[in-house]
Amino acid sequence: MNRRAFSTLGCPGSGLDEVVRLARTGPCDGVELRCAAGQLAYPGMPDAEADAVAAHLAAAGLDIVCLASYVQVAADRADVMEDLAGHLRLAARLGAPYVRVFGGGADQPEGRRDRAVRCLSRAAPLAGQLGVDVLLETHDELLTGAQVADVLEAVGSPAVGSVWDAVNPWRAGETPDRTAAVLGPWIRHVQFKDVATPTDLRPVLPGHGILPLAAVVEQLHRLGYQGWISLEWERAWYPEAAALDRALTAFHHVLDTLDPPADTPPSPAGPTPSGRPAHP
C-alpha cells in the first residue's frame, strides 16, 4: 500500500492545525506544501519559521513529502537558477525530500527543452549535496511522460526525477501504460486527481470523473512504485469545488479499492499479495 498525502493547494489559506485535522480524516501520513506567497511555505521563508512549520507537522506525525514550487526551469530568465537554489535550500530546511518544478517557457518555445536540460543539470550538484531531488512535473509545456523523460534522460542525474501528474499526460493523449513505460525510471512522486473531460479541468471527486485511475494504479504496481500518492485537489484555482475533506474521502475510497493494505486478501482480478497487478 502506497503512503498517502495531499497538497495544500486544496485548502488555500488554511493554517497548520487545519492541515493536521484534514490529514486525520483518513490515512494520510504526509502533506505536499504549496510554496507561494501567503502559504504555509513561501520563497524566502525565514529559517525560524520553516523550523516551526516542520516541527508542528512532525509532532502530528506528518511528513512533508514535497515542496511544490512554481519554478519554471525552461523559462528564459536570468534568475531561474537562483530561484531554484532557494527552493532547494528551503526544502532541506523543512526536511522535504523533493522540490517540484515546471517546464514553463511558453513565451519562448525555441530552445525550451535545452534550457530545461541546462537548468536541471546545473541544479543537480546542489540538489545532491542537500539531499533534495528536483522533480519535473508532467505539466504545462511538458505535458507528457515522453516529453519529460526526454529532458531527464539528457540531464542524467540521480538527483533529478519526475512527478507524474495523472491528468496531464492522459489529456494530451498519452495512455497510463505509455506514461509508465517511458517515465517509469524517473517517477518519484505521483499526484492523483480526476476530471470530467480532457478539456474541462475543473476538479471532480476522485472516482467520479473519467480519468482511468485504475490503470494508473495498475501501472504503479507494475513498476513496483513505493513512493507517495498525493491528492492534488485544485480548490485554490476552482473555489467552487467541494471542500478538501470530501475530496479526501473519495480519494481514500478509490485507493482502498485499487490499492488495498498488504494484509487484505486480493480479489481474483485485483493486486497479488506482492502489491503487483495480477496477470491472467
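**Note on the predicted model: strand β5 and its surroundings**

1. In β6, Val163 is the bridge partner of Glu137, a residue of β5. The two strands run parallel and are joined by 4 bridges. Between them the chain passes from β5 through helix α5 (residues 145–155) to β6, a β-α-β crossover that is right-handed. It should be kept in mind throughout that this is a predicted model.

2. On its other pairing, β5 is parallel to strand β4 (residues 98–102), with 4 bridges between them. Leu135 in β5 has Arg100 opposite.

3. Strand β5 itself (residues 133–137) is mostly covered, with 5 of its 5 residues buried. In a regular strand, side chains alternate between the two faces of the sheet. In β5 both faces are covered: Asp133, Leu135 and Glu137 are buried on one side, and Val134 and Leu136 on the other.

4. Helix α8 (residues 213–223) has as buried residues Leu213, Val216, Val217, Gln219, Leu220 and His221. An α-helix has 3.6 residues a turn, so residues three or four places apart point the same way. The partners against which the buried residues of α8 pack are β6 (160–165), α7 (176–183), β7 (187–192), β8 (229–231) and α9 (244–258). After α8 comes Gly224, with a positive phi near 70°.

5. The C-alpha atoms of Ala181 and Gln219 are 8.7 Å apart in space, although the residues are 38 apart in sequence.

6. Val182, also in α7, counts as buried because its relative accessibility is 17%, and buried means under 20%. Beyond its neighbours within four places in sequence, Val182 is in contact with Gly145, Ala146, Ala149 and Glu174. From Ala106, by contrast, Val182 is 76 residues away in sequence and 23 Å away in space, C-alpha to C-alpha.

7. The largest cavity holds about 40 Å³. Its lining consists of Thr8, Cys11, Pro12, Gly13, Ser14, Val19, Gln39 and Leu40. By class, these comprise 4 nonpolar and 4 polar residues, with no charged residues.

Methods
Residues numbered from 1 in each chain as written. Predicted model: local features only at pLDDT ≥ 70, side-chain atom pairs only at ≥ 80, totals over all residues. Heavy atoms only, no water. Buried < 20%, exposed > 50% of the residue type's maximum accessible area, 1.4 Å probe, protein only. Contact = heavy atoms within 4.5 Å. 1 Å grid on protein atoms, 1.4 Å probe; cavity = no way out; pocket = protein on both sides within 12 Å on 5 of 7 lines; lining within 4 Å. Points joined across faces, edges and corners; volume = space filled by probe spheres on them. Nonpolar A, V, L, I, M, F, W, Y, C, P; charged D, E, K, R; others polar. Pairing = 2+ DSSP bridges. Right-handed = clockwise from strand over helix to strand, strands pointing away.
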